[in-house]
Amino acid sequence: MFKEELKIFRENQQEDETELPLQTRIRQSLYTSLLEFEEISHSSQDDSLKKISKVTAICGGNTLDIHPQEPWPQPIHLYQPYEVEQILLPDNANCLAVQAYLKMCNLDFTIEPRWNAEYMSPSAKVPFIKCGAFVIPDYDNIVSFISSKGASLSEGLSEEDKVNLRAYQSLVNNVLHNAELYVCWCHEDTYNSITKNRHGSVYPWPLNHLLNWQKRNQITKRLNVLGYATKTLKEIFDDVEKCCEALSERLEDKMYFFGDRPNELDALVFGHIFSIITTPLTKDNTLANIVRNHPTLIKHCRNIEDSIFSPHAIGIK
């Protein structure tokens, strides 16, 4: 009964099995299973048990393979501010981290620079990606979305390593990212000489002054809630030093933080370390000097750069 239907179904199949739509692959799996059950009904008891086990394996395998084989809602568009004249250190670090992660996942994407990227983003933060009908902002959300599509880089880690990975990610976000925000928006010399000129460069007068004031007010309130109102610049740099020490101790002499391949932590650290080193801020550039004093992190940064980006873009020896 089912043999003829299965034969007709396979003859009409023109595409490769992995390219078939989800509904078609489910139907094929059901036809195969029904065919096996029909054969079981005409078999002895021992043969039936063996064939039932075989059918279970077939159904389970087909079901598990369906999700990772679902086609990506390509193309992926990554939206960010203009790199040359507009983008600031914190945003550049996050944008570079997302680019690194997408490259690590072997996903094709196009960078779409927009002067109003932060106002296009659902969270008012950059970068964000547009993938089919989905618009996903922020690094953590983008990583979660890609993982849900079957492209997780940390899937093979133990539960303990996954917990530690999230802890180090939180450390980077709470220390390095906040230090970058503080230096760019709360440090007077940096704000007056760099931040307000770059952030306001794409807006006409007097809108540029209004938006600079608005953005600075938002960042200051956010940092004050996190306890930065009572911190001095030296205390913030001390926190950065401790963060770099913790990352260096975890990395030791390995190429990556966990396992034998890069994951979301490697991409995040690379984005921040690369951006801090290559972004001139104040005259003494204390933030970059702190990072340069940790050769393990510099080596890790260069390894990521050489493997997925154009080599030797970092101007260090």
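This is a predicted model: local features need pLDDT of at least 70, side-chain atom pairs count only at pLDDT 80 or more; totals for chains, interfaces and linings use all residues.
Helix α11 spans residues 264-278 and holds both F270 and F274, which sit four residues apart, about one turn of the helix.

Let us begin with the aromatic rings. Across the whole structure, a search turns up nine aromatic pairs. One of them joins W115 and Y203 in an edge-to-face arrangement, 5.8 Å centre to centre and with 75° between the planes. W115 belongs to the loop between β2 (109-113) and α5 (117-120), while Y203 belongs to the loop between α8 (188-199) and α9 (207-225), so this pair ties together parts that are 88 residues apart in sequence. As for solvent, W115 is partly exposed because its relative accessibility is 40%, whereas Y203 is buried, with a relative accessible area of 7%.

Now return to helix α11. The ring centres of F270 and F274 are 5.5 Å apart and their planes meet at 40°, so this pair counts as tilted. F270 is buried at 1% relative accessible area, and F274 is buried as well, at 14%. Ring pairs bring in F309 too, linking F270, F274 and F309 into a cluster.

R216 lies over the face of Y191, at 3.9 Å from the ring centre, and K231 lies over the face of Y228, at 4.7 Å from the ring centre.

Y119 takes us back to Y203. Y119 lies in helix α5 and is partly exposed, with a relative accessible area of 45%. Setting aside residues up to four places away in sequence, Y119 touches Y203, L211 and Q214.

Next comes the largest pocket, which has a volume of about 720 Å³. Its lining is made up of 27 residues, and N94, K125, D138, H177 and R222 are the ones nearest the centre. Where does the largest share of this lining come from? The answer is α9, which provides six residues. Helices α4 (89-104), α5, α6 (139-148), α7 (159-185) and α9 each supply at least two residues. By residue type, the lining divides into 12 nonpolar, eight polar and seven charged.

Here H272 comes back into view. H272 is buried, at 0% relative accessibility. Apart from neighbours within four places in sequence, H272 is in contact with A93, N94, V172, L176, H177 and E180. Among these contacts, N94 and H177 are also listed with the residues nearest the centre of the largest pocket.

Most residues other than glycine have a negative phi, and most peptide bonds are trans. Against that background, the peptide bond from V126 to P127 is cis, with omega near 0°, and P127 is in the loop between α5 and β3 (128-131). A cis peptide bond also joins W205 and P206, with omega about 0°; P206 is in the loop between α8 and α9.

Two residues other than glycine have a positive phi. N106 has phi near 60° and is found in the loop between α4 and β2, where N106 is exposed, with a relative accessible area of 69%. E252 has phi near 55° and is found in the loop between α10 (233-251) and α11. E252 is exposed too, with a relative accessible area of 52%.

Note on methods. Residues are numbered from 1 along each chain as its sequence is written. Side-chain values use heavy atoms; hydrogens and water are left out. Rings of Phe, Tyr and Trp (its six-membered ring) pair if their centres lie within 6.5 Å; planes under 30 degrees apart count as stacked, over 60 as edge-to-face and the rest as tilted. Buried means under 20% relative accessible area, exposed over 50%, partly exposed in between (1.4 Å probe, protein chains only). A charge sits over a ring if NZ of Lys or CZ of Arg is within 6 Å of the ring centre and within 35 degrees of the ring normal. Contact means heavy atoms within 4.5 Å. On a 1 Å grid over the protein atoms alone, a cavity is a set of points where a 1.4 Å probe fits but cannot get out, and a pocket is an open set with protein on both sides within 12 Å along at least five of seven lines; lining residues have an atom within 4 Å of a point. Grid points are joined across faces, edges and corners, and a volume is the space filled by probe spheres set on the points. Ala, Val, Leu, Ile, Met, Phe, Trp, Tyr, Cys and Pro count as nonpolar, Asp, Glu, Lys and Arg as charged, and the others, Gly among them, as polar.
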